[in-house]
Amino acid sequence: MLPFSITASMLYNLTSCEHRLYLDTFGDPAQRAEPNAFIQLLWEKGTLFEKEVMTTLQSPFLDLSRYRGDEKEARTREAMAQNVPLIYSGRLSVDNLLGEPDLLRQEGTGYVAGDIKSGSGEEGDDDNSKLKKSYAVQLGLYTDILERVNLSPGRWGFIWDIHGKEVRYDFSQPQGSRTPQTWWELYQSYRQCAHDILERQQLTKAAYSSGICKLCHWYQHCLIDLQRTYDLTLLPELGRTKRDALNARFSNIQEFASADLSTLTHGKKTDIPGMGPGTLKKLHARAQLVAAGDQGRPYLREAISLPEHASEIFFDIEVDPLRDHTYLHGFIERQHQENATEQFVAFFADQPTAKAEQEAFALAMAYLQQHADSKIYYYSKYERTLYRKLQAKYPDVCTAEDIEALFNPERAIDLYFDVVLKATEWPTRDYSIKTLAKYLGFIWRDTHPSGAASIEWFHRWVESGDQEIKQRILDYNEDDCRATRVLLDGIRKLPLQSSIP
Ligand code: SF4
C-alpha cells in the first residue's frame, strides 16, 4: 500500500522532472522557494479561465467546486449514481489513485473525464499538432479511476482549451508515426514511475534543464547539489537520459573530461547506449572545457563567416502565450559597428487586442522593410515562427513571401541555431542568451530579467496601466536586443579551436 495517493498534478509534474515528484513528496520544505511569479500567474489565469468557461456555459451542470475532500467525493459519486449529465469539479479515488477532473460528462454507459486548460489543447502548429503528454497523463489517471469503478465507457478524455476547442484524447492511439507506444501505455508508464518514486523503489536525481529548472521552486536547492557533484547535466545539451547513460562509467564532469575516448569508440559505435561517436566527442570536448574551470575559454569548433555590415539590426519579440498575443517587437540598430550609434526602436501593442497586435506587427514589418539593407540578427527560431503565425493571422499586413524573404539567411541570421549551436563551445551550463551575454560581461538593468517575468509584467501593465511597468518591459526587451549584439561581437572574437595552442 502506497503512503500517498497518485494524483493528476503529480503525473503532470513528472512529465517534466521525476526528481520534482520526489522533492515535493519527501523534500525539506525549508529548502523550497516560493512559487515563481510567472507560475503563480499561470495558476491564477488558469483558475479564472476555468470559472469564465463555466459561467458562460450554456448547458446545465452540477457545480461541486465549493466542496473539499471526502465530501466532494461523496457528492460526486452520488451525482454519478443519479446520472447527472455534467459534473464540474468532482473528485474520485480508488486503490492508490486520486483525481479531481474539472469535468465529468455522461457518455453512453458511463462518464468521461475532461479538463479545462488556459492553453492550447495540443502542441505544435496547425499542420503538425499532437496531443500534450502533460495533459494526457492527467486524463489517463481520471480514466483509469473511472475504469476501476466500472464507470468508463472507453479509454478517452477531452480538453476544453483556450481557443474554445474540445480536443479528444484517445488513449488507444499511438503517440505518433514514429512513436508506436499508445497514449494509454504512456500513461501507465508514468503511473508506474510515480508509484516507484513514492514507494522509494526508484531513486531520482536532479538533472539541470535551463527552461524547466529556472521556473521550479526547487531550483536553488537542486543547483547547489548539481554543482557540488559536478553533475554531467551541467553540460549544455546533456540532459537526464544522456547523463544516466554516461553515469554507468563516469559519475561527474571531471571523470568524463579525463576519459580516453579511443577506448569507448568502435567505428560507428560507442560503449555509451544511444550515443554515437560524434555526440560523444562533442560532449567530451565540452566536459574538458567546463572542467578547466577559470582556464576554460570559449572557442569556435569550425570557421564561420559573419561579415560586418554597415547597418545591423538586433531583434527580439515578447509574446504572452496565455493570451496568444505578441505585445512587443524590439530592435536595436547599429551603424558601422559603432556602439555609440545604437538606437532602440520598439513597437508595443498596448492592449491585449487583435487590433493592437496587428498594428504593432504592421509597424514592425514596415520598419524592417524600410531597413532592407540592414543585416538582422535574432536568437532562436521563435521570431521566425511567430512572424509566420502573425502573417497568417493578419494577411493584410504582408504576404507569406515577405516573411520568408525577411528570414532568408542572406538577410537574417539566427545566432542560436546557425552559429552558437553549429560552431561554438562555451564553458557555461547552457546556451541561453542570458547565460552567454552575461558570460561576456553584459549586465541586464533589471535584477530579475526573464521572458517569463516580462509576461507577468505585461499582465500587470494591462491591469494597471502603470507606465513604470511598461518601461520595465521595454528596458528588458532593449537589453535582450543589446545582449544579442554583445554576443555577436563576442563570437566574432572567438579563436578557432585548431588555432588554440
Ligand atoms: S530544479 Fe530542476 S531538477 Fe530540481 S526538481 Fe526542479 S525541475 Fe527537477
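**Reading the sheets, helices and shell**

Guide: We may begin with one residue pair. Y88 stands opposite L103 in strand 6. Please bear in mind throughout that this is a predicted model.

Visitor: In which sense do strand 3 and strand 6 pair, and over how many bridges?

Guide: Strand 3 (residues 86–88) and strand 6 (residues 103–107) are antiparallel, with 3 bridges between them. They belong to an open sheet of 6 strands, ordered 2-3-6-7-10-11, in which the pairing is mixed.

Visitor: Why is one side of strand 2 and of strand 11 left without a neighbour in the sheet?

Guide: Strand 2 (62–63) and strand 11 (166–170) are at the edges and each has a single partner strand, so one side of each has no neighbour in the sheet. As a general idea for any such sheet, side chains in a regular strand alternate between its two faces.

Visitor: What is the strand order of the open sheet of 3 strands?

Guide: Its order is 1-5-4, again with mixed pairing. The edges here are strand 1 (6–7) and strand 4 (92–94); each has a single partner strand, so one side of each lacks a neighbour in the sheet. Strand 4 runs antiparallel to strand 5 (residues 97–99), and 3 bridges join the two. Within that pair, S93 is opposite L98 in strand 5.

Visitor: Which strands of this sheet does helix 5 touch?

Guide: Helix 5 packs on the sheet through strand 1, strand 4 and strand 5, and its direction makes about 115° with that of strand 5. Helix 5 (residues 133–148) also lies across strand 7 (110–116), strand 10 (156–160) and strand 11, running at about 155° to strand 7.

Visitor: How should I read the packing of one helix against another?

Guide: Two packed helices are described by the angle between their axes and the distance between those axes. In this model, the axes of helix 5 and helix 6 (residues 183–198) come within 9 Å and cross at roughly 80°. Angles of 65 to 115 degrees count as roughly perpendicular, and helix 5 and helix 6 are therefore roughly perpendicular to each other. Helix 5 contributes K133, A136, V137 and G140 to the contact, and helix 6 contributes W183, W184, L186, Y187 and Y190. By class, this contact comprises 7 nonpolar, 1 polar and 1 charged residues.

Visitor: Let us turn to hairpins. How many residues lie between strand 12 and strand 13?

Guide: The hairpin of strand 12 and strand 13 has 2 residues between its strands. Strand 12 (residues 174–176) pairs with strand 13 (residues 179–182) in the antiparallel sense over 2 bridges, and P174 has T182 in strand 13 as its bridge partner.

Visitor: Which residue takes a positive phi in the hairpin of strand 18 and strand 19?

Guide: H336 does, with a phi near 55°, in a hairpin that has 2 residues between the strands. Strand 18 (residues 325–335) and strand 19 (residues 338–348) are paired in the antiparallel sense over 7 bridges. The bridge partner of H329 in strand 19 is F347.

Visitor: Which residues surround the ligand?

Guide: The shell consists of C17, H19, R20, L23, A206, A207, I212, C213, C216, W218, Y219 and C222. Helix 2 (18–26), helix 7 (210–213) and helix 8 (219–228) are the elements that give two or more residues to this shell. Helix 2 gives the most, with 3 residues. By class, the shell holds 10 nonpolar, 1 polar and 1 charged residues.

Visitor: Into which domains is the protein chain divided?

Guide: The division is into domain 1 (6–198), domain 2 (230–296) and domain 3 (311–497). The C-alpha centres of domain 2 and domain 3 are 33 Å apart. Their contact takes 8 residues from domain 2 and 6 residues from domain 3. On the side of domain 2 that touches domain 3, there are 6 nonpolar, 1 polar and 1 charged residues.

Terms used
Residues are numbered from 1 along each chain as its sequence is written. This is a predicted model: local features need pLDDT of at least 70, side-chain atom pairs count only at pLDDT 80 or more; totals for chains, interfaces and linings use all residues. Two strands pair if DSSP finds at least two bridges between them. Helices (H or I, at least four residues) and strands (E, at least two) are DSSP runs, numbered from the N terminus. Two residues are in contact if their C-beta atoms, placed from the backbone, lie within 7 Å. Axes are lines fitted to C-alpha atoms, for helices over the stretch in contact, and angles run from 0 to 180 degrees between N-to-C directions. A residue is near a molecule or strand if its C-beta atom, placed from the backbone, lies within 6 Å of it. Ala, Val, Leu, Ile, Met, Phe, Trp, Tyr, Cys and Pro count as nonpolar, Asp, Glu, Lys and Arg as charged, and the others, Gly among them, as polar. Angles under 35 degrees count as roughly parallel, over 145 as roughly antiparallel, 65 to 115 as roughly perpendicular and the rest as oblique. Domain bounds come from an automatic or database domain assignment.
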